[in-house]
Every structure is written in structure tokens, then in C-alpha cells.
Amino acid sequence: MKKQIILGLALAATVFSCSTDDTSDIVINDNSVTNNTSGGGSTDPSTIFLSGTYTEDLTLDANNTYKLNGSLIMASGTTLTIPPCMTIKALSSGADVYIAISQGAQIIANGTADCPIVFTSDATSPAAGDWGGLILLGKAPINSVTGTNTATSEIASLPYGGNIANDNSGSLSYVRVEYSGGAADGQSENNGFSFYGVGNGTSVNYIQAFAGKDDGIEFFGGTVNASYISVINAEDDSVDWTEGFSGTLNNVYISNRASDDKAIEADGYNTDFSNATGIFSKPTVNNVSIIGEGSANSSEAVRLRAGTQGIFNNIMITGYAEGFDLDDADTGNGVVSDDLQVTGVTFVDVLTKVKNDTTVTFTDADFFTAEGSATGTDYTTWGAGWTIN
């Protein structure tokens, strides 16, 4: 997902169930909801359907059952609060069903290891792409625009970006997103978690994207830090960044099937738009385990391109034909300038450790050091109880 295009999606469905989102926009001022048992198949008669643009706070009640039946957009100045242990099912009708936290809004979704918060499909046999996903939009810097200017998100056509590095979009803890990635068109699909210009005042810990059709987690610029990240069976890239992302990722576990795309795909800027600031992505990435299906089956683990920089520490890659694939001259220049470096890496069943497609000459030793020392992340411990495989 790289192109910044206006999709013209309808922003909301009303508070009745429907399989398509073709109604006019609805602004719900009092946050009232109507229980409804019509449409959408067999449901609990007390199910509360959620969609629309909320201009006041919305706090979900643990005693109720909620279902997304359209786009749920929290407007600037509002907060969406979700208690632990809650499972929110989304109508399995694709891209038009999602949650978006606009610039200036917040989400407070703090589960626990014993009581995670789960967003999933309502289908009897759920599948990747059943619904959209979770979108956060902030006011932190992105390199596709300068100053306080904003870009527009692929899904929902909402503004993001700015100059507030410590912008706060709320808190996510022990949150799982399942079967997301509904496609809006041939080029734009939802991710599990989309962070658009999200600032480092936002707290993100213990999140899992499971069985999504597009990327598991994508960072469109911003400065947000995230720890304890699990991505399982993402059909496209598991972790993706672009537009000058500069946060820190700690403890990342990725498990890919051979049919999935990259474990990490990283761009320095959005090549479909611009690099208005001239600054490339440069996150710090610590303690990563990437598991493929063997060097004879899985192709590339990590693809670094469009001038992305980054400091990688303690990276373990198992079961890929290629460990790192570096593309274009700007990316190669980052290796030479030491802005793109790997310290501590272990390759297990990896045929080609580094593939240099940058046109810049460098050796493996220029790119990575301390081979064989990495142990990756202790997923068995921190992933216990709240994740699924």
C-alpha cells in the first residue's frame, strides 16, 4: 500500500446492518445506538452495531456485544475506549468496514495477556480480507510533505502528518486484529494495523496481526514506538514502513508461509508520491525473529529499498532463500554512510545472506557484524496466552 489516492469511500453506514456501504455520510452527535436484529445473518438480539463518524467520546461496555457494520471514524477531539476481554466482530464485507482514529482523536484499548482485545471477522469461516482493519492517524512528521502540511490516507481519505513528533493517538496493549485487509480497489488494501503519521506520545505494546490479506502492520512516516509485535500469515508484507518512519520497534516475531510476501519491506519514502523533506526512513529495530518455510520455499525475508536507513540489532532469520535484499543507490549509500546497519545477526537455512541490487559497492561486513550472535526475540514467553498461530 503506497499510493496516496482519494478513494471516495463512504465514511459511514447508519446503525443498521448492511452488506455494502453506499449510504450518505452520517454524523452521530449523541453516540446513541439502536439494537437491531435485521440483516447480517444470525446475531444476538442484543448486538449493538457500530458505524458512522463519532463527534463525541465512545466507551464500549463489557456487558454488551458489538459488531462493526461499516466504517467507524472517531473525529478529532474524541476518544474510543475499549475494555479488556472484548471481542468485536466486523461484518465480512471487505474494505468499507474498518475503525479509523482521526488526527486529534485517541483510542484507549488496553487488554491484558489473559484478556486481550480482539477485532475479527463475523464470518462462519473467516478468511483474510473479510474486513478492513485498525487505522490510526496522527500529526507526527512524514517526509512526503513538509511543516504542518498533511497527506491523505489510502483508506478513508483522512489527513495525516504534521510537525508534532510527540503527538498522542492513545494506547494499544494486548490487541489482536484478525482476517483484515479488505481491498478497496486493485491497488489499495487495508492492513491489520495502519499507523499514519502517528507520534511517539502514543503507546503501542503487545499487538498481533493474524491472517491478513495485505500487510500486517504498516507505518506511514511518524515517530511512534512499538514493542512486542507479532505478525502471523500476512499475505503481503508482515511489517512495512515508508514516508520517513523513525520510530523504534522492539521485540518483533514474524512467521510467514511460502505464499506470503516479505517479512519486512521497508521504503525510505513513498516512491509513488515524493520525498519533500529529503529525509529517509530510519527506525531502530531490536530483537527480531523471522521464520519462513525453508530456503527451498520462502524467497526473501527483508527487502530494503527507496533509500531506507535503519539500525537493526539482534536479528534472527530462519528458512529463506535470501536474508536481506537491498535495492537502489540511495539504499546502498546508507550502508556506506553507516545509516543502514545490522549488529548481531544469525542466519539459519538462508542461502544468500545479502543481495546487493543497489549499484553501490559494499561488502557484507560493511552491512552486518557479529554474525551468529543473534538470538532474536523470546516469543515463547511474551507471546504466551494472547496470541494465536
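**Close-up 1. Cys 85 and Cys 115 are joined in a disulfide, with 2.0 Å between their sulfur atoms.** The cut-off for calling a disulfide is a pair of cysteine sulfur atoms within 2.5 Å, and the structure holds one. The link between Cys 85 and Cys 115 is right-handed, with 65 degrees about the S-S bond. It ties together distant parts of the chain, 30 residues apart: Cys 85 sits in the loop between strand 5 (79–82) and strand 6 (87–90), and Cys 115 in the loop between strand 8 (106–110) and strand 9 (117–121). Strands here are DSSP runs of E, at least two residues, numbered from the N terminus.

This is a predicted model, where local features need pLDDT of at least 70, side-chain atom pairs count only at pLDDT 80 or more, and totals for chains, interfaces and linings use all residues. Residues are numbered from 1 along each chain as its sequence is written, and side-chain values use heavy atoms, leaving out hydrogens and water.

**Close-up 2. How accessible are Cys 85 and Cys 115?** Cys 85 is partly exposed at 46% relative accessible area, and Cys 115 is partly exposed too, at 23%. Buried means under 20% relative accessible area, exposed over 50%, and partly exposed in between (1.4 Å probe, protein chains only).

**Close-up 3. Leu 91 lies in the loop between strand 6 and strand 7 (98–101).** Leu 91 is buried, at 7% relative accessibility. Its C-alpha atom is 5.6 Å from that of Asp 122, 31 residues away along the chain.

**Close-up 4. Ile 155 is found in the loop between strand 11 (151–152) and strand 12 (159–160).** With a relative accessible area of 2%, Ile 155 is buried. The C-alpha atoms of Ile 155 and Ala 183 are 9.5 Å apart, with the two residues 28 apart along the chain.

Terms used:
Helix = DSSP H or I, 4+ residues; strand = E, 2+ residues; numbered from the N terminus.
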